[in-house]
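Visitor: I have a structure open and would like to talk it through. Could you take my questions one at a time?

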Amino acid sequence: MNPSTHDRATDSDAASTASSCTRRHAIAATVGITAGLAGCLGGDGSDAPAAVTLPEEATCDVCGMVISQHPGPTAEIFYADRRPGGHDNPARFDSTWEAFQFDFEREDWSREAFYVTDYAAVDYEIRTDGDQQVISTHYDAASFVDATTVTFVAGSSVVGAMGEDLIGFADEAEAESFQAEHGGEIVGFDEVTPELLSTLGR
């Protein structure tokens with residue numbers, strides 16, 4: 001288990017910030033993992049597009065918020081022959097549950113790849129904002145991993161931009177460690193349902 005450190009948060013626009021905790025991980029190894037997974041995601045066995053870094057000004061295709069300006073997990077989904085939100089692929093989201101919701105509502109679209117933040121592969125921070133614990137956001141290509149391969153912690157006490165969320169870990173042991181500390185439910189990709197989503201982000 002990686003150690004946590006507690007520092008004073010310094011965001012100038014945060015109404016109240018207190019302790020934060022950070023975990024160190026090997027980013028270089030993640031780049032190789034992400035690249036390796038990118039060719040395995042196509043539903044028909046074809047090569048799928050690799051994860052991309054989201055633009056600094058990118059907005060969520062569900063709520064319209066600027067992703068880089070808010071905490072929490074991010075996600076991106078590539079669809080064949082579609083322009084989600086009127087822009088080039090991928091569709092982008094400032095929460096994992098919104099990405100699943102978007103995907104569920106477009107059953108007739110052909111999904112080529114679904115990526116989520118891998119909190120086992122980033123140097124993440126948890127800080128106090130008001131009466132909530134919020135987790136940092138990461139939207140560069142190296143921070144994304146194939147959503148179908150991760151273990152999610154759903155509905156923990158640590159929230160993102162849209163409230164309770166699905167916080168993903170490529171390392172199941174790290175997901176279990178996070179759950180032990182912050183609560184929530186351990187679920188896999190196939191266990192994320194509309195019913196589960198209805199309990200999140202509200």
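Visitor: In what order do the four strands of the open sheet come?

Guide: Please bear in mind that this is a predicted model. The order in the open sheet is E4-E3-E5-E8, and the pairing is antiparallel.

Visitor: Which strands are at the edges?

Guide: Strand E4 (91-93) and strand E8 (144-146) are the edge strands, each of them pairing on one side only. On average, neighbouring strands of this sheet are turned by 25 degrees against each other, direction ignored.

Visitor: And how many bridges join E3 to E5?

Guide: Five bridges join them; strand E3 covers residues 75-79, strand E5 covers residues 111-117, and the two run antiparallel. Among the residues involved, isoleucine 77 has phenylalanine 114 as its bridge partner in E5.

Visitor: Which strands does helix H2 touch?

Guide: Helix H2 (residues 96-104) packs on the sheet and touches E3, E4 and E5. The direction of helix H2 makes about 20 degrees with that of E3.

Visitor: Let us turn to the aromatics. How many aromatic pairs are there?

Guide: The search of the whole structure gives 14 aromatic pairs. In one of them, the ring centres of phenylalanine 100 and phenylalanine 114 lie 4.9 Å apart with the planes at 50 degrees, so this pair is tilted. Phenylalanine 100 belongs to helix H2 and phenylalanine 114 to strand E5, so the pair links distant parts of the chain, 14 residues apart.

Visitor: Are those two buried or exposed?

Guide: Phenylalanine 100 and phenylalanine 114 are both buried. Phenylalanine 100 also forms an aromatic pair with phenylalanine 152, at 5.8 Å centre to centre and 80 degrees between the planes, which is edge-to-face. That pair, too, links distant parts of the chain: phenylalanine 152 is in strand E9 (residues 151-154), 52 residues from phenylalanine 100.

Visitor: Why do phenylalanine 100 and phenylalanine 152 count as buried?

Guide: Buried means under 20% relative accessible area. Phenylalanine 100 has a relative accessible area of 2% and is therefore buried. Phenylalanine 152 counts as buried because its relative accessibility is 0%.

Visitor: Which residues do the ring pairs link into a cluster?

Guide: The cluster consists of Phe100, Phe104, Phe114, Phe152 and Phe189.

Visitor: Now the charged residues. How many salt bridges does the search find?

Guide: It finds four in the whole structure. One of them is between the side chains of aspartate 88 and arginine 83, at 2.3 Å from N to O. Aspartate 88 and arginine 83 are both exposed.

Visitor: What does arginine 127 form a salt bridge with?

Guide: Arginine 127 forms a salt bridge with aspartate 129, and the closest N and O atoms are 3.5 Å apart. Arginine 127 counts as buried because its relative accessibility is 12%. Aspartate 129, with a relative accessible area of 26%, is partly exposed.

Visitor: And glutamate 105, which residue does it meet in a salt bridge?

Guide: The side chain of glutamate 105 meets that of arginine 106, at 3.7 Å from N to O. Glutamate 105 counts as exposed because its relative accessibility is 55%. Arginine 106 has a relative accessible area of 22%, so it is partly exposed.

Visitor: Over which rings does the charged end of arginine 106 sit?

Guide: The charged end of arginine 106 sits over the ring of phenylalanine 102, 3.6 Å from the ring centre. The charged end of arginine 106 also sits over the ring of tryptophan 109, in this case 5.6 Å from the centre.

Visitor: One last topic: where is alanine 141?

Guide: Alanine 141 is in the loop between strand E7 (132-135) and E8. With a relative accessibility of 22%, alanine 141 counts as partly exposed. Alanine 141 and alanine 50 are 91 residues apart in sequence, while their C-alpha atoms are 8.3 Å apart in space.

Definitions and conventions:
Residues numbered from 1 in each chain as written. Predicted model: local features only at pLDDT ≥ 70, side-chain atom pairs only at ≥ 80, totals over all residues. Heavy atoms only, no water. Pairing = 2+ DSSP bridges. Axes fitted to C-alpha atoms, helices over the stretch in contact; angles between N-to-C directions. Contact = heavy atoms within 4.5 Å. Buried < 20%, exposed > 50% of the residue type's maximum accessible area, 1.4 Å probe, protein only. Phe/Tyr/Trp six-rings, centres within 6.5 Å; stacked < 30°, edge-to-face > 60°. Lys NZ or Arg CZ within 6 Å of the ring centre and 35° of its normal.
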